[in-house]
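This briefing goes through one protein chain by topic. Keep the structure in view while reading the points.

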Amino acid sequence: MLQDPLTLYKLIVLYMLNRVTFPLTAAQVSDFILGKEYTNFLTLQQVINELTDAGMIATQSIRNRTHLSITAEGKETLNFFENRIGDTIKQEIDSYFQENEFTLRNEVSVLGDYYKSTSGEYEAHLVAKDRGINLVDITLSVPVEETAVAICDNWQKKNQEIYKYLITELF
């Protein structure tokens with residue numbers, strides 16, 4: 001059966017987002033789809049934009065990352081049309097998640113963002129989550145933007161050490 005390639009790409013994205021219990025970044029989705037050479041970057045961006053516009057996926061921008069998650073409408077659509085995704089593609093996606101779930105989850109479970117507060121200070125907001133539950137949620141006020149950026153960058157690199165230190169010291 002010949003079908004519109006864009007429809008297949010949309011179903012692949014929905015299938016990926018439905019297979020995990022956490023949001024994926026647009027980069028994570030792109031890495032898989034482009035790595036398998038299913039389509040090119042521009043077509044994939046069109047697919048993600050159309051899915052977002054149709055309300056099938058939700059996007060949230062956190063610093064320089066776009067987090068994607070499937071909506072109820074997206075799940076319903078996938079339930080109707082999942083049979084149009086070939087078994088080979090489904091197996092490749094499932095294998096990818098089995099091999100990379102910890103890394104993928106860790107990338108989206110550790111969030112660091114900053115903003116300028118009403119007092120003129122910069123606030124670095126740091127969060128570490130596990131299965132949707134905040135393990136750590138810290139906001140640090142600093143006088144300059146460069147410091148807030150450094151804090152967010154270091155949080156991405158050292159969050160496990162910092163969490164362990166806090167637990168050790170507080171318990």
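A residue is called buried when its relative accessible area is under 20%. A salt bridge is a side-chain nitrogen of Lys or Arg within 4 Å of a carboxyl oxygen of Asp or Glu. The model is predicted. In it, Glu 123 is buried and has no salt bridge.

**Glu 123**

- Glu 123 sits in strand 5, which covers residues 122–130.
- The nearest side chain of opposite charge belongs to Lys 116, and it is 12 Å away.
- What does the side chain of Glu 123 meet in a polar contact? Its partner is the side chain of Ser 141, at 3.5 Å.
- With neighbours within four places in sequence left aside, Glu 123 is in contact with Asp 113, Tyr 114, Tyr 115, Ser 117, Thr 139, Leu 140 and Ser 141.

**The chain as a whole**

- The protein chain contains six helices and six strands.
- Their order along the sequence is α-β-α-α-β-β-α-α-β-β-β-α.
- The C-alpha trace spans about 60 × 35 × 30 Å along its principal axes.
- Of the 171 residues in the chain, 37% are buried.
- Among contacts with a separation of 6 or more, 55% are between residues 24 or more positions apart.
- The chain exposes about 10400 Å², and carbon and sulfur atoms supply 50% of that area.

**Charges and salt bridges**

- The chain carries 15 positive and 24 negative side chains. The centres of these two sets lie 3 Å apart.
- How many salt bridges are there? The count is three.
- One of them joins the side chains of Lys 10 and Glu 50, with 2.6 Å from N to O. Lys 10 is in helix 1 (residues 5–18) and Glu 50 is in helix 3 (residues 41–53), so this pair ties together parts that are 40 residues apart in sequence.
- Another salt bridge links the side chains of Arg 19 and Asp 94, at 2.9 Å from N to O. Arg 19 lies in the loop between helix 1 and strand 1 (24–25), while Asp 94 lies in helix 5 (residues 87–109), so the pair ties together parts that are 75 residues apart in sequence.
- Arg 19 is partly exposed, with a relative accessible area of 45%. Asp 94 is also partly exposed, at 22%.
- A further salt bridge is formed by the side chains of Lys 90 and Glu 82, with an N to O distance of 3.5 Å.
- Is Lys 90 buried or exposed? Lys 90 counts as buried, because its relative accessibility is 15% and the limit for buried is under 20%. Glu 82 counts as partly exposed, at 23% relative accessibility.

**Glu 37**

- Where is Glu 37? It lies in the loop between helix 2 (26–35) and helix 3.
- The phi angle of Glu 37 is near 60°, which is a positive value in a residue other than glycine.
- Glu 37 counts as exposed, with a relative accessibility of 70%.

Note on methods:
Residues are numbered from 1 along each chain as its sequence is written. This is a predicted model: local features need pLDDT of at least 70, side-chain atom pairs count only at pLDDT 80 or more; totals for chains, interfaces and linings use all residues. Side-chain values use heavy atoms; hydrogens and water are left out. Helices (H or I, at least four residues) and strands (E, at least two) are DSSP runs, numbered from the N terminus. Buried means under 20% relative accessible area, exposed over 50%, partly exposed in between (1.4 Å probe, protein chains only). Lys and Arg count as positive and Asp and Glu as negative; His and the chain ends are not counted. A polar contact is a pair of N or O atoms within 3.5 Å; within protein, one must be able to donate a hydrogen and the other to accept it, and residues adjacent in sequence count only if both atoms are side-chain atoms. Contact means heavy atoms within 4.5 Å. Accessible areas come from the Shrake-Rupley method with a 1.4 Å probe; for residues, only the protein chains shown count as cover. The place of a charge is taken as NZ of Lys, CZ of Arg, CG of Asp or CD of Glu.
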